Amino acid sequence: MSTLETVIVEINDHFWTYLLIPLVAVAGLYFTIRSRALQIRLLPEILRTVREQPRAGADGRKPISPFGAFTISAAARIGTGNIAGVAAAITVGGPGAVFWMWVMALVGGASAFVESTLAQLYKVRDRSRGGEGAYRGGPAYYMQRGLGRRWLGVLFAVIITLTFGLVFTAVQSNTIASVTAGSLGTGGDGGSDWVAPAVGAALAVLLGLAVFGGVRRIASVTKVLVPVMAVVYLLVGLAVVVLNISEVPRVLADIVGGAFGLREVAGGGIGAAIQQGVRRGMFSNEAGLGSAPNAAAAAETSHPVKQGLVQTLGVFFDTLVVCTMTAFVILSANPELSGRQGADLTQSALQETLGGWAGHLLTLVVFLLAFSSMIGNYYYGESNIEFITRRRSVMLGYRGLVLAAAFLGALGSLSVVWSLADVTMGAMALVNLLAILPLSVIAFRLMEDYLAQRRAGLDPVFTRDRLPGLTGVECWDPAPAARGAESEPAQAGTRNG
């Protein structure tokens, strides 16, 4: 196993250092400059858009709202990456890794906008779920319909199903088992002889009950879980920071100094800080990774840009709020970094400041975070399998593999599970970024159309005839009610999701 781990780590280091990190940086900066920093400039518009509610369809069903789609993607974003991932980044890359996570979020917000806007544009009607206003889509769909490369879409669909449906599900399960073992005082990598199997079996059963409910039930479950788990964790984290308020100036100095190699802590020179910051930042907020667009495509909205803006907010909330809180909890408690792993470091920091009860509370929070991520991960795989085939036997097989990953992940080695996640996540980001770079021209044309309508005092409504020469678009029909009826944007919007 140690030989396998060494090989995986070696591949990771070269792949991320010489290929993926430069690509992520170039793509994010290009999107930011080309859009005139929309992720910052349009923040008030982003906050307005996330509150919109779609109208019920002709069959009486209420479509998934922008906020509902946001919670599906947030469920996958806000998970162990915010607790265990941040801790791992600090352990390996030092406090400076946190700074590069911030940079990753600020620049990556533009990448998230592009990929989610494209997902909305090229979404397709999901007739298998019945009724009006049911959609599916994502990178596989805009690779086929926008680039005309179905083979590339199939490749991406396979990679994301493997990454999210199986590997990331194992990561979440492993972290739940680890903190549960910590709460019970059994220690170990993933728990004692009985804790890990028991946790894995329980997660497989609970996940099985959730994934057979369909996307609308997923949206309803995560819509409740995500705000609750985020608020609880942020409040506990804030209590730790307040109790260690005198340490905040030192923490900020360590983060900024470590980012540029001025303070080498725990082996975290500038190279390690950048690499860990980008890796863990992408694992946590998923900007440019190609996962959130799968949830973005499911929303009912009057203009593709609206969902692009909503998903940009998800990146900021995940990294600039939740991940930052974890970093301040760990660094303000000033723990010994060497020899600590993942969520164990965060758990210890909470216990040292608030007492043993905080470690038990973190176990509950991690369960909520990680389990909701498992649900979101499952949906990503389901949507992409449907892109490849509609055979029921294949979907049932996939569901069985997901439940197996939830069980086996609890038993696995933490380092191997996270290393595998880095490999598959990197391959997924590579394919997606290479696809959205040429397609971004269309996303920015959509942005100009949206802003022009806003300047005219309208609630933006899009139909595909607004962009001459646009091909491969199934939805966004130029219905009679929408033609030349800019005085009735709300009605047109409900007819052209």
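E448 and R36 form a salt bridge, with their closest N and O atoms 3.7 Å apart (a salt bridge being a side-chain nitrogen of Lys or Arg within 4 Å of a carboxyl oxygen of Asp or Glu). E448 sits in helix α18 (residues 414-455), while R36 is in the loop between α1 (2-34) and α2 (38-41), so the pair links distant parts of the chain, 412 residues apart. Both ends are partly exposed: E448 has a relative accessible area of 30% and R36 one of 46%. Here buried means under 20% relative accessible area, exposed over 50%, and partly exposed in between (1.4 Å probe, protein chains only). Helices (H or I, at least four residues) and strands (E, at least two) are DSSP runs, numbered from the N terminus.

All this comes from a predicted model, where local features need pLDDT of at least 70, side-chain atom pairs count only at pLDDT 80 or more, and totals for chains, interfaces and linings use all residues. Residues are numbered from 1 along each chain as its sequence is written, and side-chain values use heavy atoms, with hydrogens and water left out.

## D477 and its partners

The structure holds 12 salt bridges, and D477 takes part in one with R125, the closest N and O atoms being 2.8 Å apart. D477 lies in the loop between α18 and α19 and R125 in strand β1 (residues 124-125), so this pair ties together parts 352 residues apart in sequence. D477 also meets R464 in a salt bridge (3.1 Å, N to O). R464 lies in that loop between α18 and α19 too, 13 residues from D477 in sequence. D477 is partly exposed at 25% relative accessibility, as is R464 with a relative accessible area of 28%.

## Helix α6

Of its 26 residues, 24 are buried.

## Confidence along the chain

Mean pLDDT (the predictor's confidence in each residue, from 0 to 100) is 81 for the protein chain, and 81% of its residues reach 70 or more.
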